[in-house]
Amino acid sequence: MTSISTALAVALEAAAGGDPRRYVITGGPSSGKDDLIEAVHAARIPCMAEEPGREIYRKHRERLGRHLLREDRREYSLEVLEAFVAEYTAHEHGIRLYNRGIPDGYGWEGFFGLKPTRELEEATARYRYDAIFVLDPLDTFEEPDDIVWAKDREIRRVHELIVQGYYDAGYEPVFVAPDSAASRLDFICANLRLPKPPRKV
């Protein structure tokens, strides 16, 4: 098991009593986000446990008995937005990483040909993140889970729409090149001026 380094622990502890600092990790399907989030947790950097949209999607799918269609998206999206706002407002001090952020909604709505809701626009303007890290897609296509897309061009399209959504929301994302989860986390920590997490022995 990876242990936290003294230097990283000290840096996180020093930040813990200060103003909240929120950083989003995002990207399209098959971008390696899950592996990176796992590495973040292993390094004991405060981070959202799971992308909230997944569990909400599963509940809607079970209720409907099928995957969500375009006409189902509004209700689902508002529930996801509410979960993201709750995650945002619950964090009051120190550093926290987020598994996707509120402006991700622009990309997903756009993929289904929907315009952003008033609620999404208002939340995007009100709840701002300190930095956005976009994971460039990996070259390898991993087996999709229950909400990932079957076609490579759809994956690329979702990724492009998510990136555009953050630009439209007024952010300038930092792009994280395809690499191992550990190397990507090193890159993010360097950008946040945090000590590098230790590697597994």
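Predicted model: local features only at pLDDT ≥ 70, side-chain atom pairs only at ≥ 80, totals over all residues.
After helix 8 comes Arg193, which has a positive phi, near 60 degrees.

## Overall fold

The protein contains 8 helices and 4 strands. Along the sequence these elements are arranged in the pattern α-β-α-α-α-β-α-α-β-α-β-α. The radius of gyration is 17 Å, close to the 17 Å that the globule rule gives for 201 residues, so the protein is as compact as a globular protein of that length.

Taken along the principal axes, the box filled by the C-alpha atoms is roughly 50 × 35 × 30 Å. Among contacts with a separation of 6 or more, 75% are between residues 24 or more positions apart.

In soluble globular proteins, nonpolar side chains tend to be buried together. In this protein, the largest nonpolar core comprises 27 residues, of which Ile102, Tyr129 and Ile132 touch the most other members. Two or more residues of this core come from each of helix 3 (52-64), helix 4 (73-90), helix 5 (104-111), helix 6 (118-126), strand 3 (131-135) and helix 7 (152-168). The greatest contribution is that of helix 4, which supplies 6 residues.

Leaving aside residues up to four places away in sequence, Ile132 touches Val24, Thr26, Tyr166, Tyr171, Pro173 and Val174.

## Burial, surface and charge

Of the 201 residues in the protein, 48% are buried. The accessible surface amounts to about 10500 Å², and carbon and sulfur atoms account for 50% of this area.

The protein carries 28 positive and 35 negative charges. The mean position of the positive charges and that of the negative charges lie 1 Å apart.

Definitions and conventions: Residues numbered from 1 in each chain as written. Heavy atoms only, no water. Rg over C-alpha atoms; globule rule 2.2 N^0.38 Å. Buried < 20%, exposed > 50% of the residue type's maximum accessible area, 1.4 Å probe, protein only. Contact = heavy atoms within 4.5 Å. Areas by Shrake-Rupley, 256 points an atom, 1.4 Å probe, with all protein chains shown as cover. Lys, Arg positive; Asp, Glu negative; His and termini not counted. Charge placed at Lys NZ, Arg CZ, Asp CG, Glu CD. Core = buried A, V, L, I, M, F, W, Y, C linked by side-chain atoms within 4.5 Å.
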